[in-house]
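Subject: The structure I promised

Hi,

Here is the structure for you to open. Have a look first, and then read my notes below.

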Amino acid sequence: FSLEEENARLASRVVELEEMLERTQGLCEVLDDEGACSPEGCDPSDHEFTQALRARGSWLLGLLALQSCSSFVLARYEDLLASHPSIVFFLTMLVGAGGNAGNQAAVRGIRGLATGDLNGQTISGFLLFETKMAAALAALLLVAGLLRTAAFGVNAVDTMAISLSLFTIVSTSIILGAILPILLHRLRVDAAHAATSVQVLMDVLGVFITCAISTAFYSWLQTCHLTSRAAKASAVSSPWRSSCRVHDAFPLTRSVRAQDLSIIN
């Protein structure tokens, strides 16, 4: 290459780097502003330590307050959890799977924003990819959840409720983990916070989704059971009969007694 061509290539590269810097400005403010390391070394001053403590501590305190909301959800569904202890035993598995799946998607988004690969032209493709991934991983973990609950001797009704909750939690978490870094970046907030935030959000949402889906599922079983009994008593075919075949395949067990099925008033 001639000197002029080499200078042109260098100038073009400088322009690319400046554009990348502009796109990623503010992405890692937590690392930059907190004074973890500098070219002179990794010995931050007292002022830098105070800034780091304030920035990280305030975010963690906010997440702690948000995570406390799960206690309100548990209190709201206390009767459900008392009647179906199997849900309590697998609750950590459910919310943990959601947090891990969402964190994977969030890390991919953060890395894409930092490198410039995730931009206005590629956001739609990124979200479509993560939506497909959410469906695939949720189906995979659904099968794994079925096998795990069956291995622990959980009855068929609770197994179905737990597995449906697992599918919904994982798919929701991945989509939320993909959206959150982009949203924070648009709001001029460090997108690196998405990794921790999605885990806390899924702790709360995971508990709510599990309790809500289980409640709806047991209520549906109760409706099928009562309709089936009424149809047999009157000897008249019922349009609900076809939708109650699932119930016929899973007869009511001790965990789905009449008092258990009356969790919704």
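**What I found**

Residues 196-221 are 100% helix and 0% strand, with end C-alpha atoms 37 Å apart. Helices here are DSSP runs of H or I with at least four residues, strands are E runs of at least two, and both are numbered from the N terminus. Over residues 160-184 the chain is also 100% helix and 0% strand, and its end C-alpha atoms lie 36 Å apart.

Before you go on: this is a predicted model, where local features need pLDDT of at least 70 and side-chain atom pairs count only at pLDDT 80 or more, while totals for chains, interfaces and linings use all residues. Residues are numbered from 1 along each chain as its sequence is written, and side-chain values use heavy atoms, leaving out hydrogens and water.

The UniProt record (an unreviewed entry) puts "transmembrane region" at residues 134-154, 160-184 and 196-221; such annotations may be inferred rather than shown by experiment.

Now the inside. Leu94 touches (heavy atoms within 4.5 Å) Ile162, Ser165, Leu166, Ile169 and Thr210, leaving aside residues up to four places away in sequence.

Cheers
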